[in-house]
Amino acid sequence: MGDDMMMSGDNRSLRRDKRRAPRTETCRPCLVWPKEVPDMTYQGVIINVTPYGMCVRMLDSLPQGTIVMVQLMRDEEFRYPLSAPVEGMIVRNAEDEVGFMDHGVQLLRKALERPATRPVVSQMRRPASSRSTRTRMHTIDLHVTDRGIRRNER
């Protein structure tokens with residue numbers, strides 16, 4: 001994996017990355033807005049994703065700790081949504097060399113509630129031998145000839 005090993009800060013040695021999951025590179029348009037202010041939307045591009053978060057590149061900057069909603073978009077004109085919005089929190093900001101702001105967004109997952117389970121009730125079954133009576137088999141010999149079917153009696 002590309003995320004397993006990284007160069008150290010002085011570019012002299014390799015060190016193991018401490019990520020929980022490897023990143024998946026992507027380039028998906030998205031809309032980002034603060035959860036409290038849904039009318040203030042920002043356009044961005046998701047650079048990479050993991051099950052725990054994503055990196056969103058935007059022109060604007062959002063402060064760390066802001067709870068945001070991220071909506072993946074189907075097209076580059078930001079008209080058609082691809083999925084339902086997900087809730088996340090801005091955990092880091094980094095300015096790119098070109099002037100874009102990369103935002104690290106940690107996904108906030110809601111705890112799944114398990115439905116109450118009912119005990120399994122098994123019905124007592126009778127053995128197969130007592131269910132039905134024994135069948136009686138009969139054999140019959142049939143011979144097919146030019147004159148038709150002839151039956152041999154024994």
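**Close-up views of a predicted model**

**View 1. Asp-102 is buried, with a relative accessibility of 12%.** Buried here means under 20% relative accessible area, exposed means over 50% and partly exposed lies in between (1.4 Å probe, protein chains only). The structure is a predicted model, in which local features need pLDDT of at least 70 and side-chain atom pairs count only at pLDDT 80 or more, while totals for chains, interfaces and linings use all residues. Residues are numbered from 1 along each chain as its sequence is written, and side-chain values use heavy atoms, with hydrogens and water left out.

**View 2. Arg-57 and Asp-102 form a salt bridge.** A salt bridge places a side-chain nitrogen of Lys or Arg within 4 Å of a carboxyl oxygen of Asp or Glu. The closest N and O atoms of Asp-102 and Arg-57 are 2.7 Å apart. Because Asp-102 lies in strand E8 and Arg-57 in strand E5, this pair ties together parts of the chain 45 residues apart in sequence. Shared partners join Arg-57, Asp-96 and Asp-102 into one network of salt bridges.

**View 3. Asp-96 also meets Arg-57 in a salt bridge, at 3.6 Å from N to O.** Here too the pair links distant parts of the chain, with Asp-96 in the loop between E7 and strand E8 (101–107) and Arg-57 in strand E5, 39 residues apart. Asp-96 is buried, at 13% relative accessible area, whereas Arg-57 is partly exposed, at 27%.

**View 4. The side chains of Lys-35 and Glu-87 make another salt bridge, at 3.0 Å from N to O.** Lys-35 is partly exposed, with 42% relative accessible area. Glu-87 is buried, at 18%. In the whole structure, a search finds four salt bridges.

**View 5. Six strands form a closed barrel.** Strands are DSSP runs (E, at least two residues), numbered from the N terminus, as are helices (H or I, at least four). The order around the barrel is E3-E4-E5-E8-E7-E6, and the pairing is antiparallel. Two strands pair if DSSP finds at least two bridges between them. E3 (residues 24–34) and E4 (residues 42–49) pair in the antiparallel sense over seven bridges. Along this pair, Arg-28 stands opposite Ile-46 in E4, and Glu-25 has Asn-48 in E4 as its bridge partner. E3 also runs antiparallel to E6, to which five bridges join it. Trp-33 faces Met-69 in E6.

**View 6. Tyr-42 is a buried residue, at 15% relative accessibility.** This residue is found in strand E4. The C-alpha atoms of Tyr-42 and Val-32 are separated by 5.1 Å, although the two residues are 10 residues apart along the chain. Leaving aside neighbours within four places in sequence, Tyr-42 is in contact with Cys-30, Leu-31, Val-32, Pro-34, Met-58, Asp-60 and Leu-62. Contact means heavy atoms within 4.5 Å.

**View 7. Leu-59 is an exposed residue, with a relative accessible area of 64%.** Leu-59 has its place in the loop between strand E5 (53–58) and strand E6 (67–72).
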